[in-house]
Amino acid sequence: MSTSITPNIHSFLVKIDPFDRLPSSVVTTIANSVKIKYLVEGEVIGFSALCEKRYLYIIRTGAIEQRTPLGELRARLGEDDQFGFTFLQPLAHSEDGYQAEAIEDSLLYLIPHQVLKDVCESHPEFEDYFAAKANIRLSSAVKQVFRKEDKGLFFRTVGEIASENIAIVDVNNSIKDVAREMCGRQRSSCAVVMKNSEIVGLVTDRDMTRSVVATSIDTSMPISMVMTPNPVLVESSSKVIEAISLMLQYNIRCLPVVNDRKVVGLLTTSHLVHNHRTQSLFLIQKIKYTSSISALATLKEERETIFQALVESGVSAEIQGRVMSTIMDAFTRRIIQLSEDLLGPAPCDYAWIVAGSHARNEVHMLSDQDSALVLSDDVTDDQKAYFTHLAMKVCNGLAACGYPLCDGKYMAATPKWCQPISVWKDYYSKWVSSPEYNKLLSISVFLEVRSIYGNRDYAEQIQQHLHDCIQKSGKFIPALVRDAIDTQPPLSIFNSLVLEKGGENSNTLNIKKYALNLIIDLARIFSLAAGGSLTGTEERFRYAAEHGTLSEDSCQNIIGAYRFLTQVRFRHQLNAILSGREPNNHISPAEFSSFERKHLKDAFKIISELQDVAKLKFLVG
């Protein structure tokens, strides 16, 4: 490469992802190796497993369209975009047969495969940036979003902040001896109970008070009489926010910290609150003891604080969704209890069930209410009136606490969704046997439900009936597939994104409609086809891969896409909150950096490819 041109190439590279994250000397080495290629409009570059000269292509100016051997659009790329990643891996494993055509005159920079390979060998920390597999690049991208930020306490490991004051006792020790050990030199609020070097139980100072002192139990009895068996544990390498998530999920105050099943410390809510100012993250305890709905409504800001901590700490979308769902569960349960206090006890058995993102444990700041009531088949019309009042109080109470009413009225306060078990079973039978559009709309909300109050068996009964109906139906999953592929991710982006046209959100990307909803739909399809009854998006994909309806590569790719897109969405919502604006799912193209645009395209392509797999698997033949 001419030395007169190299500085210009270097100046260009250091402004785009991932070269902006490499040392200047490494970028100089790469810039010196760059070859320049001009394509006139209509000129084609062919890619196959037989290609001997391999390059990473960067579009300096112009636009390129990638198409499969069948002529289907694979991606449309513009300035700063890169392609050819799949041809950077060994010849035997390369993707075969797509072509890239210039749809306008284009100038390309070509970086030889061997140069990138040498860079990655001498600087292995950069290897993921140039990985042939999109899910590895996306996983690296999720981590990178937070790498340069002050992550504070929540990104630290549990082992860094855990207390070493923990008592370790044997299962045959007496209650009296364990109490002495806890109060003696250890001064620990918790004791881990061991049997043959295995952790079998946990006992806390509260257990001693409630189960020993209050009941006057003989303290010479073994500690196994009062311990909590099979306690929740946390690895020392886990992030603090993951430990807090476990505490919220299981409503526990003490977490033994382990390393390879060996106890190395203790994490308690008191330790976190007193020493690390994490009071807001124990919102559930406040909710539990709040005495009115108006008082609950004042806790909305603390919920936002938790969301901010989760996003900024960089934990996975699964953990963020689980924590926010646990908080929404707590609000809902407490409002139901307060409503029952006013209305009196329920006249018959019932279950309050949640649906949608709440049932999937994927709640975020825009999650609205999707709920229903499943009543005993013995319920009378007079008794139904009680549940109508209960549902209205709960739904309005949740709205006051920052959870919007559902625009589609898929809430327990709507009479259609407050019905006996037999009616719910009839609903599912009709929806599955005749999945026209309006019925698909209803079942798409109630395809996943979860009981959070009352008789849990009722939710399990209707869900089992649903899965029985699906297994007997030959047309329900194809109907889901047709609905899922009706909307396409924006593969045609190059200078801008596929945008909403008209209305207040004109010229923005709806990341929910064109990306995340598509992934959620695909997770349902592949999991249900394998007979799965799980509700979470990631766990559904993993179940499908384990049971043969989805390849392991496809599973890893789509989960990587889902995590990256979710982080982009959460970051957008958080920025809106911090700026005093209402969060939404509509993102202006101006907000996307080169880094985000590049990885968004990877994610959209993965979604499109999985839609094609679903089409071939469930609609053809």
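**The four-stranded sheet**

The open sheet has four strands in the order β7-β8-β9-β10, and their pairing is mixed. Its edges are formed by β7 (167-170) and β10 (228-229); each has a single partner strand, so one side of each is without a neighbour in the sheet. The model is a predicted one.

Helix α7 (residues 175-183) lies across β7, β8 and β9 (198-204), and runs at about 165° to β7.

The loop between β8 and β9 contains S197. The phi of S197 is near 70°, a positive value in a residue that is not glycine. Most residues other than glycine have a negative phi. S197 counts as exposed because its relative accessibility is 64%, and the cut-off for exposed is over 50%.

D260 is found between β12 (254-259) and β13 (262-268). D260 is not a glycine, yet its phi is positive, at about 55°. With a relative accessibility of 64%, D260 counts as exposed.

Now for the helices elsewhere in the chain. In helix α1 (residues 6-13), the buried residues include T6, I9, H10, F12 and L13. These residues lie on the same side of α1 because they cover an arc of only 160° around the axis. The buried residues of α1 pack against α2 (24-33), β3 (55-67) and β6 (99-112).

Further along, helix α21 (residues 511-529) and helix α23 (residues 552-578) have axes that come within 10 Å and cross at roughly 145°. This crossing of α21 and α23 is left-handed. On the α21 side the contact involves I511, K512, A515, L516 and I519, and these meet I558, A561, Y562, L565, T566, V568 and R569 in α23. By type, the residues of this contact are nine nonpolar, one polar and two charged.

As for the chain as a whole, it has 24 helices and 19 strands. Of its 621 residues, 54% are buried. Among contacts between residues at least 6 apart in sequence, 71% join residues at least 24 apart.

How values were computed. Residues are numbered from 1 along each chain as its sequence is written. This is a predicted model: local features need pLDDT of at least 70, side-chain atom pairs count only at pLDDT 80 or more; totals for chains, interfaces and linings use all residues. Side-chain values use heavy atoms; hydrogens and water are left out. Axes are lines fitted to C-alpha atoms, for helices over the stretch in contact, and angles run from 0 to 180 degrees between N-to-C directions. Helices (H or I, at least four residues) and strands (E, at least two) are DSSP runs, numbered from the N terminus. A crossing is left-handed if the near helix is turned anticlockwise from the far one by less than a right angle, and right-handed if clockwise. Contact means heavy atoms within 4.5 Å. Ala, Val, Leu, Ile, Met, Phe, Trp, Tyr, Cys and Pro count as nonpolar, Asp, Glu, Lys and Arg as charged, and the others, Gly among them, as polar. Buried means under 20% relative accessible area, exposed over 50%, partly exposed in between (1.4 Å probe, protein chains only). The arc is that of the directions from the helix axis to the C-beta atoms. Two strands pair if DSSP finds at least two bridges between them.
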